[in-house]
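Here is a short briefing to read alongside the model.

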Amino acid sequence: MGLDDNLVYHADILIFGIILIFTLASLPRAYARLSRRSEWSQGHFLRSITPLPATTPRFNPTRPPLPPVEPESFVDLDHGNSSTACAPLPSEHQNSLMHVVNEKALPKHPNHGPDVSSIWHHAAFVLDYRVHENYSVNQVLLILVYIIIIFYVSFYQSDPFTDPHRAGFVIASQIPFVYALATKNNIIGMMVGVGYEKLNFLHRLVGKVMVIGANVHFIGYVYKWSLAGDIYSKLAEDYVRWGIVALVCLDILGFCSTEYVRSKSYNLFITSHVASLIIFLFAACYHEPTCVPYVAAACVFYILDHVVRAIKTRITTAKLQPLPELGITRVEVPSINAGWRAGQHVRLRVLSSSMGWWGWSEVHPFTIANVAETSEGMVLMCKKTGHWTGSLFSMAQTASYGETGKEVGRDVRVMVEGPYGGVGHTVMSSYSGAVFTVGGSGISFALSAVPDLIQAATGVKVIDIIWSVQDPSSLTPLLPLLTNLVQQNSSTRVNVHVYYTRAISTSFHRTYLPQGITILPGRPKLGKLLDQAITNTISAGGSNGVFVGVCGPLSLANSMARVVRYSDVRLCTAVGGVKLHEETFGW
């Protein structure tokens, strides 16, 4: 075995060793989750079963509006949890959930420590710090470790201009990793207990390294052949031409994977990805036979992923209903009502010519918006943000004729693939408190998680939903569902805080809200709301930690991450730690 073989071999072993370390670190959570028999059948395959008796009201888009409140009944009161000092919407009862806690009486050590933040708070304080946009310190460290490994094996006793073969060999060794990280049924994600979307930043990193390395490899040989004076004869050889084909494929992948292309032309991104990835594998094998084992490994990951994806796919009929107040299309799939965990998402394809020439070919991820095992089936909430979701919303507004005559909405054939993602090995029901901070259509995360926590009769004592919307009327279509959550007779206390972020005037039509639901103008003061939730959990006797789930735009996730990072150490210690989970839009 030569130096190149030896270096690449040990680099791959080292990378696999790092993956193994993260796998071992996730084993306690995996054991805690899988020790529950119900977890073995949830979160893997969608299916249909006999539903449980209905505990939540069915959605009715044609229900009459709630009666407005007269302006003179408004109160001039600021709860202190909003950044805009305007009057809140009145409730049937004053609902003060903040309890006074004597900080001196707080224990100095946690009773139970499910999270790193409750034990090694200072280490977590540094590792969770956001360096740039969605990258935390621990992600940056992981990126740096990978780059250092690649740079070492690429340049140890080697010059890319005199020994360009090394760069090509290193890039070939990364083929299995980039393909494994690209799959939806991600073997690495399964090992470490996270969804494929959480590892997407590593897929992009390995891809960029391969693009750069391939170009260095080619430029090095061009330089070497030019000095030797035989560049034209070399370029005429078949193996070199196949290498150029592989290089062009990688460069196309690199360009079409940029954020600009992904956002402006998703079809170009996905088409170029599929075509270039397949052609690249063949070209690499014809270019250099030593690539064959790496390509074979990549093919195994790719083929197995598509086999599992086919097994996870269901073709069925869905009911589309528009929610104009939210700018959302509600997709109800009655034939699928089980098989997912709270927080998971599915990939939706609408098989209709009404979606446009290429709309039927697009697949988009959406978080499941209800609890499993209900009669209404699986529910998705698709926010109107682009051409595809705009076409879906327009199609939902089309009137159709049903058993009761003309009604808004229509039935359409869909292809549903999943479930994917979610909270991994985290068991939300093992915590004493839960806070769901959501924005817009991100309410789907809370609507699937909260009923599950309530119905399972778990040890969760306090649940807070913090929902940011653009207009207060967004609350209207979901008010029956939220009212049912806060009024269910259980040991869990549920509070819903709605904030409309584009408040211009306080003179809008209001409705009385049930106890436990409040609405305020402005942006929520997340730090104060989190401290309130932790304090309420401690007052209720909870000491198993607080789960904080975020679903919404990246800015919301970053804000909540900063709040958790700078939260009161003594409160976090007293409650048993704070676990943050993020589901962000626009992967």
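The points below go from the whole chain to single residues.

This is a predicted model, in which local features need pLDDT of at least 70 and side-chain atom pairs count only at pLDDT 80 or more, while totals for chains, interfaces and linings use all residues. Residues are numbered from 1 along each chain as its sequence is written, and side-chain values use heavy atoms, with hydrogens and water left out.

**The chain as a whole**

- The protein chain holds 19 helices and 16 strands; these are DSSP runs numbered from the N terminus, with helices being H or I of at least four residues and strands being E of at least two.
- Of the 587 residues in the protein chain, 50% are buried. Buried stands for under 20% relative accessible area, exposed for over 50%, and partly exposed for what lies in between, with a 1.4 Å probe and protein chains only.
- Taking the contacts in the protein chain with a separation of 6 or more, 77% join residues 24 or more positions apart; a contact here is heavy atoms within 4.5 Å.

**Helices α4 and α8**

- Helix α4 (residues 137–155) packs with helix α8 (residues 200–228) at an angle of about 25°, and their axes are 11 Å apart. That angle makes α4 roughly parallel to α8. Roughly parallel covers angles under 35 degrees, roughly antiparallel those over 145, roughly perpendicular 65 to 115, and oblique the rest.
- The axes are lines fitted to C-alpha atoms, for helices over the stretch in contact, and the angles run from 0 to 180 degrees between N-to-C directions.
- The crossing of α4 and α8 is right-handed, meaning that the near helix is turned clockwise from the far one by less than a right angle.
- From α4, the residues Q139, L142, I143, Y146, I147 and I150 meet F201, L202, L205, V206 and V209 of α8. The residues of this contact comprise 10 nonpolar, one polar and no charged. In this scheme Ala, Val, Leu, Ile, Met, Phe, Trp, Tyr, Cys and Pro are nonpolar, Asp, Glu, Lys and Arg are charged, and the others, Gly among them, are polar.

**Salt bridges**

- Side chains of opposite charge can pair when their charged atoms come close. A salt bridge is counted when a side-chain nitrogen of Lys or Arg is within 4 Å of a carboxyl oxygen of Asp or Glu, and the count comes to nine salt bridges.
- R33 and E39 form one of them, with their closest N and O atoms 3.3 Å apart. Both E39 and R33 are buried.
- K198 and E197 meet through their side chains in a salt bridge of 3.3 Å, N to O. K198 is partly exposed at 28% relative accessibility, whereas E197 is buried, with a relative accessible area of 10%.
- R347 and E417 are joined by a salt bridge of 3.8 Å, N to O. This pair links distant parts of the chain, with R347 in strand β5 (residues 344–350) and E417 in strand β10 (residues 410–421), 70 residues apart.
- R347 counts as buried at 10% relative accessibility, and E417 counts as buried at 9%. A network of salt bridges links D305, R309, R347 and E417.

**Residues worth a look**

- T537 sits in helix α17 (residues 526–539) and is buried at 1% relative accessibility. Not counting residues up to four places away in sequence, T537 touches S432, G433, V462, G542, V546 and V575.
- I315 is part of strand β3 (residues 313–323). I315 and L351 are 36 residues apart in sequence, and their C-alpha atoms are 9.2 Å apart in space. Neighbours within four places in sequence aside, I315 is in contact with L351, R413, V414 and M415.

**Backbone details**

- A cis peptide bond runs from G418 to P419, with omega near 5°. P419 has its place in strand β10.
- Q157 is a residue other than glycine with a positive phi, near 50°. Q157 lies in the loop between α4 and α5 (165–173) and is exposed at 58% relative accessibility.
- E373 is a residue other than glycine with a positive phi, near 65°. E373 is found in the loop between β6 (364–367) and β7 (378–383), and is partly exposed, with a relative accessible area of 22%.
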